[in-house]
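Hi everyone, thanks for having me.

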Amino acid sequence: MSEPLNVGDPAPEFAAEQTSGERLSLADLRGKKVVLYFYPRDNTPGCTKEACALRDRYARLQAAGVTVVGVSTDGVRSHQKFTEKFALPFALLADTEGAIAQAYGAWGEKKFMGRTSIGILRHTVVIDEAGRIAHIYRKVKPEEHADQILRDLGIAFEA
């Protein structure tokens, strides 16, 4: 596992297949502010709440020049079904080996219903236009996270 990221650090490079089937890399997003959010699994309750909250705030984020990208270890077909089912307007990356999550510190031990496992942690990183880490969210509450991002980025919203 790599060293933990800190605000101001260069964002680790990545490239992965996205919902459309095309590859998306950090280099493709240079010059844009990016909300890179990591979530454990498509179509699970918490992940659906988080994705739908970002979907519902997407127009405001987009108007402020922010690109939203979700990352999980699910494959492209799973992402396509999740996107279609909930009308998600942003790309989801298939990090099937967990390499992107590991590079961003979103991979580790987690506990759920008394069981411990290793996998993607619910984290979000905001990357600025220069490719540096602007915000890191290590403890994300799915229902509140989209509004938290809007507040921290100074984007007007109604709660």
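This is a predicted model: local features need pLDDT of at least 70, side-chain atom pairs count only at pLDDT 80 or more; totals for chains, interfaces and linings use all residues.

Now step back into the helix itself. α4 covers residues 145-152. Which of its residues are buried? They are His145, Ala146, Asp147, Ile149 and Leu150.

Okay, on to strand β4, residues 66-72. How many of its seven residues are buried? Seven of the seven, so to speak: the strand is mostly covered. If you look along β4, Val66, Val68, Gly70 and Ser72 point one way, while Thr67, Val69 and Val71 point the other way, and all of these are buried.

What are the neighbours of β4? On the one hand there's β3, residues 33-38, which pairs with β4 in the parallel sense over six bridges. Within that pairing, Lys33 has Val66 as its bridge partner in β4. To get from β3 to β4, the chain goes through helix α1 (residues 45-63), and this β-α-β crossover is right-handed.

Then there's β5, residues 91-94, which runs parallel to β4 and is joined to it by four bridges. Here Ser72 stands opposite Ala94 in β5. Going from β4 to β5, the chain passes through helix α2 (residues 76-86), and that β-α-β crossover is right-handed.

Last stop: empty space. Rolling a probe the size of a water molecule over the atoms shows where empty space is left. In this model, the largest pocket holds about 510 Å³ of space. Its lining is made of 19 residues, and those nearest the centre are Pro40, Lys110, Lys111, Phe112 and Arg122. Which elements give two or more residues to that lining? Those would be α1, β6 (107-112) and β7 (115-120). The largest share, four residues, comes from β7. Sorted by class, the lining has seven nonpolar, five polar and seven charged residues.

That's my tour, so let's have your questions.

Note on methods. Residues are numbered from 1 along each chain as its sequence is written. Side-chain values use heavy atoms; hydrogens and water are left out. Buried means under 20% relative accessible area, exposed over 50%, partly exposed in between (1.4 Å probe, protein chains only). Two strands pair if DSSP finds at least two bridges between them. A crossover is right-handed if, with the strands pointing away from the viewer, the path from the first strand over the helix to the second runs clockwise. On a 1 Å grid over the protein atoms alone, a cavity is a set of points where a 1.4 Å probe fits but cannot get out, and a pocket is an open set with protein on both sides within 12 Å along at least five of seven lines; lining residues have an atom within 4 Å of a point. Grid points are joined across faces, edges and corners, and a volume is the space filled by probe spheres set on the points. Ala, Val, Leu, Ile, Met, Phe, Trp, Tyr, Cys and Pro count as nonpolar, Asp, Glu, Lys and Arg as charged, and the others, Gly among them, as polar.
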